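Here's a quick briefing to read alongside the model. Have the viewer open and follow the residue names as you go.

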Amino acid sequence: MTAIKHALQRDIFTPNDERLLSIVNVCKAGKKKRNCFLCATVTTERPVQVNVVKVKKSDKGDFYKRQTAWALRDLAVVDAKDAVKESPEFDLHFDKVYKWVASSTVEKNTFISCIWKLNQRYLRKKIDFINVSSQLLEESVPSGENQSVAGGDEEAVDEYQELNAREEQDIEIMMEGCEYAISNAEAFAEKLSRELQVLDGANIQSIMASEKQVNILMKLLDEALKEVDQIELKLSSYEEMLQSVKEQMDQISESNHLIHLSNTNNVKLLSEIEFLVNHMDLAKGHIKALQEGDLTSSRGIEACTNAADALLQCMNVALRPGHDMLHAVKQQQQRFSDLREQFARRLASHLNSVFVQQGHDQSSTLAQHSAELTLPNHHPFHRDLLRYAKLMEWLKNTDYGKYEGLTKNYMDYLSRLYEREIKDFFEVAKIKMTGTTREGKKFATLPRKESAVKQETESLHGSSGKLTGSTSSLNKLSVQSSGNRRSQSSSLLDMGNMSASDLDVADRTKFDKIFEQVLSELEPLCLAEQDFISKFFKLQQHQSTSGTTTNEAEEMDGIALSRSYTSGVPQTVSSEKDMIRQMMTKIFRCIEPELNNLIALGDKIDSFNSLYMLVKMSHHVWTAQNVDPASFLSTTLGNVLVTVKRNFDKCISNQMKQMDEVKISKKSKVGILPFVAEFEEFAALAESIFKNAERRGDLDKAYIKLIRAVFDSVEKVANESQKTPRDVVMMENFHHIFATLSRLKISCLEAEKKEAKQKYTDHLQSYVIYSLGQPLEKLNHFFEGVEARVAQGIREEEVSYQLAFNKQELRKVIKEYPGKEVKKGLDNLYKKVDKHLCEEENLLQVVWHSMQDEFIRQYKHFEGLIARCYPGSGITMEFTIQDILDYCSSIAQSH
């Protein structure tokens with residue numbers, strides 16, 4: 001290890017001006033790699049730097065290279081793992097933890113001890129030595145032997161110093177003078193000792209010879225001190241002479257300072273006075289405008305606006321510290337306050353007069369709109385008031401109490417005005433809808449009351465034969481007798497009328513136009529008023545995520561604008577967006593109830609009107625929400641839309657209820673059920689109304705409910721029918737439903753259309769089989785016996801040998817069904833089918849053709865059995881398939 005230490009010192013550390021103090025052979029813990037060396041070194045230059053260097057043997061040779069170096073000051077913890085048990089493992093905590101395993105415990109302890117000594121001598125920092133034996137760490141070293149132990153390695157190293165080049169040259173010269181220096185070292189050392197003694201003696205003699213020179217130097221110093229004393233005396237006299245001049249100069253300097261200070265103060269005072277004069281002086285023209293300005297003319301309003309802005313600037317000037325204590329400033333501020341109060345009072349009084357005058361002037365124009373479905377235009381009034389918008393903003397910033405009072409008065413006056421206008425407007429709309437005058441007189445075209453109509457209708461169909469709630473349609477049905485039911489059903493199939501009279505279509509179209517006109521008149525009125533309020537009262541119409549409900553807004557009275565005061569300055573609790581909505585709710589508080597009343601009237605006139613209202617209201621709500629989803633108009637129309645949707649759902653529920661309650665006559669055949677025809681009318685009307693509508697989804701849901709109710713009710717009536725066979729009721733009505741759905745092409749009812757077609761086909765086949773039965777009954781029984789014998793195992797060609805089924809018996813049975821008898825039976829069957837089926841659905845020929853096919857199928861079956869079981873017998877039926885076709889065609893044409 002000593003040889004390695006010297007080699008490392010010579011090859012690595014000496015070129016870097018470092019001394020190697022301790023070395024330990026280590027490898028990394030947990031890894032099998034070649035060993036390396038950790039070296040503790042110090043630099044030879046001052047200040048001393050202490051490092052821990054990792055040295056590794058090069059892969060290309062036997063020399064060592066420096067791999068990594070850490071400064072000892074970066075070392076935080078030295079962990080020896082175990083203070084009692086000897087272990088070669090230890091950790092050094094620099095920027096991270098380095099785990100090492102020493103080649104021996106002695107080397108590890110020596111290295112750790114060296115680290116501790118270097119820390120104590122050069123750094124004196126707090127390095128934690130944990131799990132280290134106390135024998136290695138002796139923190140208190142007194143003196144003597146312990147001290148030498150503590151610093152043993154360092155001092156031993158300090159005693160060894162390499163010779164520099166000059167020292168080596170001197171020694172070589174000296175050794176050349178003594179040839180025996182190498183052969184006889186003791187003689188050389190004695191010679192050097194003698195020469196050193198000679199040098200010491202020479203030094204002592206030189207010191208003794210220089211004593212005289214020292215005495216001479218001391219005398220010279222004494223003379224120099226005397227000269228210094230004389231100079232000090234002269235300087236003192238000069239200072240006394242200049243003392244009076246200094247005092248005079250100080251007085252002059254102080255006087256100049258006071259003059260400069262006075263000038264500076266005068267400049268500052270002038271600046272303050274100019275500031276106050278420039279910023280707190282109001283022109284006489286502005287004062288006159290505030291006191292006497294004309295608030296009726298545009299020029300006067302502009303002058304008052306400029307004066308108010310100038311006054312506000314004077315009042316809001318940022319005074320410097322101490323200005324508010326000046327009497328003149330206080331007087332000027334009081335004057336400004338008086339002017340502000342006087343002008344605010346005059347402005348508020350004038351605007352209140354304008355509000356009152358607007359109510360009277362607008363009332364005079366209501367007469368011209370009373371007969372027309374239009375609302376008065378408030379644009380001229382808004383245009384005149386907007387001239388005061390800047391003054392309202394000034395009033396809002398300077399006197400919020402009067403601004404609030406004006407807001408309350410505006411809402412009070414305008415709410416009464418709008419209430420009169422809107423009520424008259426809705427009254428005209430109701431008159432146009434119902435066809436009544438203001439005195440309550442009805443026109444001749446007005447339908448009768450629904451209760452009377454309902455009684456007449458129930459007399460026809462037992463409970464209710466009308467599902468739409470349309471009084472005019474019910475009125476039409478009520479005048480029809482039961483004997484005309486077939487013609488009525490036939491008219492239901494007319495796509496031009498769709499079971500609704502021309503009066504129904506006209507009334508519904510008129511209602512749709514009136515309702516659309518009502519909404520079209522209300523929208524611009526509300527939007528114009530909201531725009532005016534935001535501009536006139538200076539309220540920003542920003543988007544707000546938080547909103548109040550309509551009920552909360554209706555609870556607001558004139559002074560409940562959600563505010564509080566702190567030193568006269570209002571602090572708004574709700575946003576300005578909410579304030580606009582609250583003002584609109586107070587002004588137009590009658591719109592929602594009037595709309596609800598109009599909707600109730602339209603629903604009472606004809607429940608189908610709810611379809612028109614749902615489409616129109618949805619479109620207007622969608623438009624309003626695109627503009628501002630939290631506005632008064634959007635909220636109000638949204639609330640009304642809920643009512644319209646409830647009426648629509650109620651209309652659907654009533655139709656379903658009437659389907660469930662329908663009863664049929666026991667004495668007449670059923671035909672097309674009334675609610676099936678009414679569903680056709682509803683679907684055709686709904687498709688025309690909801691074309692490209694926003695609320696198409698609501699109609700699709702209603703379709704699903706209605707069609708399922710129609711299916712269930714058809715089956716219920718078919719099961720209860722006594723006059724008409726069940727299959728006929730199902731076949732005719734589902735055929736009608738399928739035809740309706742195919743014509744209207746309602747996408748959400750595709751599955752129901754397929755189901756209706758399937759039900760129609762199934763019940764048509766069932767009715768044909770049931771009604772046709774066995775027209776050749778005896779022949780049918782004979783061949784059933786033949787098939788039974790074949791099923792028992794008898795071969796088909798041997799059946800003729802059976803006594804009961806021989807050829808003679810077959811001929812006997814065939815003779816009982818000549819062509820004349822067959823035609824007679826088919827004619828009776830045709831009459832029976834014609835008696836069961838209704839004319840309006842026109843399915844007689846379809847059913848008759850299906851029966852013809854079924855009869856031909858039975859005929860072919862009998863012929864096949866004869867050919868297989870009686871081969872070569874020459875037995876045939878007394879009529880052919882062509883005869884059957886001729887019989888069926890002749891019967892159909894004769895009827």
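Start in the middle: the largest nonpolar core has 173 residues, and Y410, V518 and L779 touch the most other members. A nonpolar core here is a set of buried Ala, Val, Leu, Ile, Met, Phe, Trp, Tyr and Cys residues joined through side-chain atoms within 4.5 Å. Buried means under 20% relative accessible area, exposed is over 50%, and partly exposed sits in between (1.4 Å probe, protein chains only). This is a predicted model, so local features need pLDDT of at least 70 and side-chain atom pairs count only at pLDDT 80 or more, while totals for chains, interfaces and linings use all residues. Residues are numbered from 1 along each chain as its sequence is written, and side-chain values use heavy atoms, with hydrogens and water left out.

**The chain as a whole**

- You're looking at 32 helices and ten strands.
- Of the chain's 895 residues, 42% count as buried.
- Take the contacts between residues at least 6 apart in sequence, and 70% of them join residues at least 24 apart.

**Aromatic pairs**

- Rings of Phe, Tyr and Trp (its six-membered ring) pair if their centres lie within 6.5 Å; planes under 30 degrees apart are stacked, over 60 edge-to-face, and the rest tilted.
- That rule gives 26 aromatic pairs.
- F532 and F536 make a stacked pair, 5.2 Å centre to centre with 15° between the planes.
- F648 and F690 form a tilted pair, with 6.3 Å between centres and 50° between planes.
- F648 is in helix α23 (residues 632-661) and F690 is in the loop between α24 (674-689) and α25 (696-720), so this pair ties together parts 42 residues apart in sequence.
- F648 is buried at 0% relative accessibility, and F690 is buried with a relative accessible area of 1%.
- Ring pairs also link F355, F381, Y400, Y403, Y410, F532, F536 and F537 into a cluster.

**A helix pair**

- Helix α21 (residues 591-605) packs against helix α22 (residues 609-627) at an angle of about 145°, with the axes 8 Å apart; axes are lines fitted to C-alpha atoms, for helices over the stretch in contact, and angles run from 0 to 180 degrees between N-to-C directions.
- On the α21 side the contact uses I599, G602, D603 and I605, and on the α22 side N609, S610 and M613.
- Three of these contact residues are nonpolar, three polar and one charged, where Ala, Val, Leu, Ile, Met, Phe, Trp, Tyr, Cys and Pro count as nonpolar, Asp, Glu, Lys and Arg as charged, and the others, Gly among them, as polar.

- E523 is in helix α18 and counts as buried, at 15% relative accessibility.
- E523 and H620 are 97 residues apart in sequence but 8.4 Å apart in space, C-alpha to C-alpha.
- Leaving aside neighbours within four places in sequence, E523 is in contact with H620, L633 and L637.
- D17 isn't a glycine, yet has a positive phi of about 55°; D17 is in the loop between α1 (2-13) and β1 (18-28) and is partly exposed at 37%.
- N131 isn't a glycine either, and has a positive phi of about 60°; N131 is in the loop between β8 (128-130) and α3 (145-150) and is partly exposed at 35%.
- Q722, in the loop between α25 and α26 (726-744), is exposed, with a relative accessible area of 63%.
- Q722 and I664 are 58 residues apart in sequence and 9.6 Å apart in space, C-alpha to C-alpha.

Notes:
Helices (H or I, at least four residues) and strands (E, at least two) are DSSP runs, numbered from the N terminus. Contact means heavy atoms within 4.5 Å.
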